[in-house]
Amino acid sequence: MGIKNYLIEGGSGTGKTSVATELERRGYHVVHGDRVLAYVGDPETGQALAGPPEGADRIVWGYAHWIWPVDKVHAIAADTTYPATFFCGGSRNVHKFLDLFDKVFVLDIDVETLNRRLDGRPNEPGFEPAERALVLRYHHTREYLPVGINIDTAGTVPSVVDDILAQLT
């Protein structure tokens with residue numbers, strides 16, 4: 001097991017990428033899960049999937065099958081090169097490796113701010129109306145989110161990161 005491993009999760013638009021970038025700026029080791037780990041696959045078996053079955057809602061299916069490779073997460077978490085590693089992103093198979101993390105932080109935001117953020121991201125999940133409806137549903141139900149320390153991301157990114165770092169000890 002690595003020295004310390006932390007997961008930063010949250011729905012679309014809650015600030016995972018911004019928090020990851022700020023942590024990197026401050027010199028922390030960060031794994032951008034949505035960029036370097038995620039793929040479309042079966043959350044139970046890990047098998048990569050080509051796409052939704054005929055007749056399935058492409059957007060709902062895509063969200064439900066956004067996963068990380070369990071073996072790769074284990075390997076990164078076992079690396080003791082860094083005093084702390086922050087895994088930032090969302091994964092529908094998080095239950096397969098949740099026990100690797102010393103703490104789990106779940107980013108959250110009020111709906112008004114979330115909508116404003118999603119409005120400013122035309123090429124990201126949640127911009128198109130059908131995706132927006134799904135993002136807002138998941139935001140309300142907290143579906144797919146692990147249990148963790150809730151972090152309000154309405155403030156500035158540096159203050160959000162300060163809040164996370166203050167809870168590491």
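## A charged surface patch

Glu-112 counts as exposed because its relative accessibility is 62%, where exposed means over 50% relative accessible area, buried under 20% and partly exposed in between (1.4 Å probe, protein chains only). The residue belongs to helix H5, which spans residues 111-119; helices (H or I, at least four residues) and strands (E, at least two) are DSSP runs numbered from the N terminus. Together with Asp-110, Asp-152 and Asp-163, Glu-112 makes up a surface patch of negative charge, a patch being built from residues with over 30% relative accessible area and no salt bridge, with like charges joined within 9 Å and nonpolar side chains (Val, Leu, Ile, Met, Phe, Trp, Tyr) within 5 Å.

## About the model

The model is predicted, so local features need pLDDT of at least 70 and side-chain atom pairs count only at pLDDT 80 or more, while totals for chains, interfaces and linings use all residues. Residues are numbered from 1 along each chain as its sequence is written, and side-chain values use heavy atoms, with hydrogens and water left out.

## Aromatic pairs

In the whole structure, 9 aromatic pairs are found, a pair being rings of Phe, Tyr and Trp (its six-membered ring) with centres within 6.5 Å, called stacked when the planes are under 30 degrees apart, edge-to-face when over 60 and tilted for the rest. The rings of Phe-87 and Phe-101 are edge-to-face, because their planes stand at 75 degrees, with the centres 5.2 Å apart. This pair links distant parts of the chain, since Phe-87 is in strand E5 (residues 85-88) and Phe-101 is in the loop between E5 and strand E6 (103-108), 14 residues apart.

Phe-87 is buried, with a relative accessible area of 0%, and Phe-101 also counts as buried, at 9%. Elsewhere, Tyr-6, Tyr-28, Phe-86 and Phe-105 form one aromatic cluster.

## Salt bridges

The whole structure holds 7 salt bridges, each a side-chain nitrogen of Lys or Arg within 4 Å of a carboxyl oxygen of Asp or Glu. One of them joins Asp-162 and Arg-26, at 2.6 Å from N to O, and links distant parts of the chain: Asp-162 is in helix H7 (residues 157-166), whereas Arg-26 is in the loop between helix H1 (16-25) and strand E2 (29-32), 136 residues apart.

Arg-142 and Asp-108 also form a salt bridge, their closest N and O atoms being 3.5 Å apart. Arg-142 counts as partly exposed, at 31% relative accessibility. Through shared partners, salt bridges join Glu-22, Arg-25, Arg-26 and Asp-162 into one network.

Notes:
Areas by Shrake-Rupley, 256 points an atom, 1.4 Å probe, with all protein chains shown as cover. Lys, Arg positive; Asp, Glu negative; His and termini not counted. Charge placed at Lys NZ, Arg CZ, Asp CG, Glu CD.
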